[in-house]
Amino acid sequence: MNQVSYISDSLQGTTHSENQDGQLIIHNEICSIYAVFDGVSMSENQIKGVKTAIEYIKNNYWSFIKDKKFLLKEMMIQVNKEILDSSWTDAL
């Protein structure tokens, strides 16, 4: 598989002590996933939602590959369910 190079950046919100955004890159012989997660400023604990999404994808992306197709929509539905089902309960 080809080597992957990338540049990324994210700005910290002015009302937060740490950056609430996240990124994920998975590149292997099966697929390549490049994801950016924007922490939702209206939530008190948005970094937990971002981390929950990243961990879910890292642990489950392979199960969304069917017949040589990547089921992105289905994966993102499950990511959102995982966030809602987690202890991250701050409503927007």
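# A tour from strand to core

Start with strand 1. Gly 22, Leu 24 and Ile 26 make up its covered face. Gln 23, Ile 25 and His 27 make up the uncovered one. Strands here are DSSP runs of E with at least two residues, helices are runs of H or I with at least four, and both are numbered from the N terminus.

What you have open is a predicted model, in which local features need pLDDT of at least 70 and side-chain atom pairs count only at pLDDT 80 or more, while totals for chains, interfaces and linings use all residues. Residues are numbered from 1 along each chain as its sequence is written, and side-chain values use heavy atoms, with hydrogens and water left out.

**The whole chain**

Zoom out and color by secondary structure. The protein chain has two helices and four strands. Along the sequence they run β-β-α-β-β-α. Of the 92 residues, 29% count as buried. Buried means under 20% relative accessible area, exposed means over 50%, and partly exposed lies in between, with a 1.4 Å probe and protein chains only. Now look at contacts, meaning heavy atoms within 4.5 Å. Among those between residues at least 6 apart in sequence, 49% join residues at least 24 apart.

**The hairpin**

Strand 1 and strand 2 form a hairpin, with four residues between them. They pair in the antiparallel sense over six bridges. Pairing requires at least two DSSP bridges between two strands. Pick Gly 22: its bridge partner in strand 2 is Phe 37. Then pick Ile 25, whose bridge partner in strand 2 is Tyr 34.

Which residues of strand 2 are on its covered face? They are Ile 33, Ala 35 and Phe 37. Ser 32, Tyr 34 and Val 36 are on the uncovered face. In a regular strand, side chains alternate between the two faces of the sheet.

**The core**

Show side chains next. The largest nonpolar core has 16 residues. Such a core is a set of buried Ala, Val, Leu, Ile, Met, Phe, Trp, Tyr and Cys residues joined through side-chain atoms within 4.5 Å. Leu 24, Phe 37, Ile 57, Tyr 61 and Val 79 have the most contacts inside this core. At least two core residues come from each of strand 1 (22-27), strand 2 (32-37), helix 1 (46-60) and helix 2 (72-85). Helix 1 gives the largest share, five residues. In soluble globular proteins, nonpolar side chains tend to be buried together.

Center on Leu 24. Set aside its neighbours within four places in sequence. Leu 24 is then in contact with Ile 33, Tyr 34, Ala 35, Phe 37, Ile 54, Ile 57 and Lys 58.

Which residue forms a salt bridge with Lys 58? Glu 55 does, and the closest N and O atoms are 3.1 Å apart. The rule asks for a side-chain nitrogen of Lys or Arg within 4 Å of a carboxyl oxygen of Asp or Glu. The count by this rule is one salt bridge. Both residues lie in helix 1, three residues apart, about one turn of the helix. Lys 58 is partly exposed at 40% relative accessibility, and Glu 55 is partly exposed at 38%.

**Helix 2**

Select helix 2. Its 14 residues reach 20 Å from first C-alpha to last, close to the expected 20 Å. That expectation is 1.5 Å times one less than the number of residues. Met 75, Val 79 and Ile 83 are its buried residues. Seen down the helix axis, they fall within an arc of 80 degrees, so they line one face of helix 2. The arc uses directions from the helix axis to the C-beta atoms. These buried residues pack against helix 1 and strand 4 (69-70). Turn to the face away from the buried side: it carries exposed Lys 73, Leu 84 and Asp 85.

**The last loop**

Finish between strand 3 (65-66) and strand 4, in the loop that holds Asp 67. Asp 67 has a phi near 50 degrees, a positive value in a residue other than glycine. Asp 67 is exposed, with a relative accessible area of 75%. Lys 68 lies in the loop between strand 3 and strand 4. Its phi is positive, about 65 degrees, although Lys 68 is not a glycine. Lys 68 is exposed, with a relative accessible area of 85%.
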